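The stops below take you from one selection to the next.

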Amino acid sequence: MRSHLHSALFFGYRDEASFIDKVRALLLALKSTAGSFTGDNLITFDKNLSFLADEKFMASYDAHAATKIEKGIIWRTAVLAWAAKNALRLPGDFVECACYKGTSARIVCDYLGFAQLDRTYYLYDLFDHDPAMPHHRMTEHGEGLFETVKARFEEFPNVVVTRGAAPASFAKASPGAISFLHVDMNNAPAEAAVIEALFDRIVPGAAIILDDYGWRYYRAQKQAHDAWFAARGYSILELPTGQGLVIK
Ligand SMILES: C[S@@+](CC[C@H](N)C(=O)[O-])C[C@H]1O[C@@H](n2cnc3c(N)ncnc32)[C@H](O)[C@@H]1O
């Protein structure tokens, strides 16, 4: 079992090489690196890092996290895996807005053996960049991405991948009851609109994970979600990973 995990994925430094040298120096100043984690703008030490001991999660992660970003956001993905596992004691389907390459959803599918479950995982995305949208182009956006993502879930007949702008695309396919919702669109108006469209279908006890909630760069998302949830009597927990967590 791994006792620590060190990634060089950080955002916002002035000089990457000098920043990473200083992170290395910090690690060298520890009595022990057991329990230390670096990456995704987190530097922690002397923690249990329970996800490293979850063999099924780590096997799913190792199988599907390929890029520096995918590998570096492991703690965020462990939060998703926890929320999805929590959903198994509730009725309802899984939803991700939006899935991009489908990496985190694929990790969750392997982790839970999703093909064997009597539930559906609904994945939504534009799959191509739309300059009219406020979010930035991502490297794999393009004509072929929709087909590539569908192929990635070929062995999961209960994963439904839908192309188009959410929430309008929910008219093509969407669940009646939801036990797990991951919102990760880098797009404040669209995120607010999908929450508005889906909230009543989310079952009590289900976790909603808001990927961008704690990141200062995406402050517009925090402002939109704080106001919306507060008006309904909910408050959002900001996690050290940068995610927001709401339990309905
Ligand atoms: C950060 S990526 C999602 C990453 C993915 N959740 C994961 O864990 O690997 C954000 C995605 O949101 C999509 N997106 C933004 N606005 C959208 C909208 N209105 N409808 C559908 N997808 C949208 C973008 O196309 C982009 O692929």
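Begin by selecting Leu 49, which counts as buried because 22 C-beta neighbours lie inside 10 Å, in what is, throughout this tour, a predicted model. Leu 49 sits in the loop between β3 and α2 (55–64), and its phi is positive, about 50°, although the residue is not a glycine.

Next, select Asn 41 in the loop between β2 and β3, another non-glycine residue with a positive phi, here about 60°. Asn 41 has 16 other C-beta atoms within 10 Å and is therefore partly exposed.

Between β2 (residues 37–39) and β3 the pairing is antiparallel and runs over three bridges, and Phe 37 can be found opposite Thr 44 in β3.

Now turn to the ligand and show the 20 residues that surround it, the closest being Ala 98, Tyr 100, Ser 104, Asp 184 and Ala 190. Coloured by class, this shell has eleven nonpolar, five polar and four charged residues, and α5 (103–112) and β5 (121–125) each supply at least two residues of it.

Stay with Ala 98, in the loop between β4 (93–97) and α5, and inspect the peptide bond that joins Cys 97 to Ala 98, which is cis with omega about 5°.

Finally, select Pro 167 in the loop between β6 (159–163) and β7 (178–183), where the peptide bond from Ala 166 to Pro 167 is also cis, with omega near 10°.

How values were computed. Residues numbered from 1 in each chain as written. Predicted model: local features only at pLDDT ≥ 70, side-chain atom pairs only at ≥ 80, totals over all residues. Near = placed C-beta within 6 Å. Helix = DSSP H or I, 4+ residues; strand = E, 2+ residues; numbered from the N terminus. Nonpolar A, V, L, I, M, F, W, Y, C, P; charged D, E, K, R; others polar. Pairing = 2+ DSSP bridges. Buried ≥ 20, exposed ≤ 12 C-beta atoms within 10 Å, placed from the backbone.
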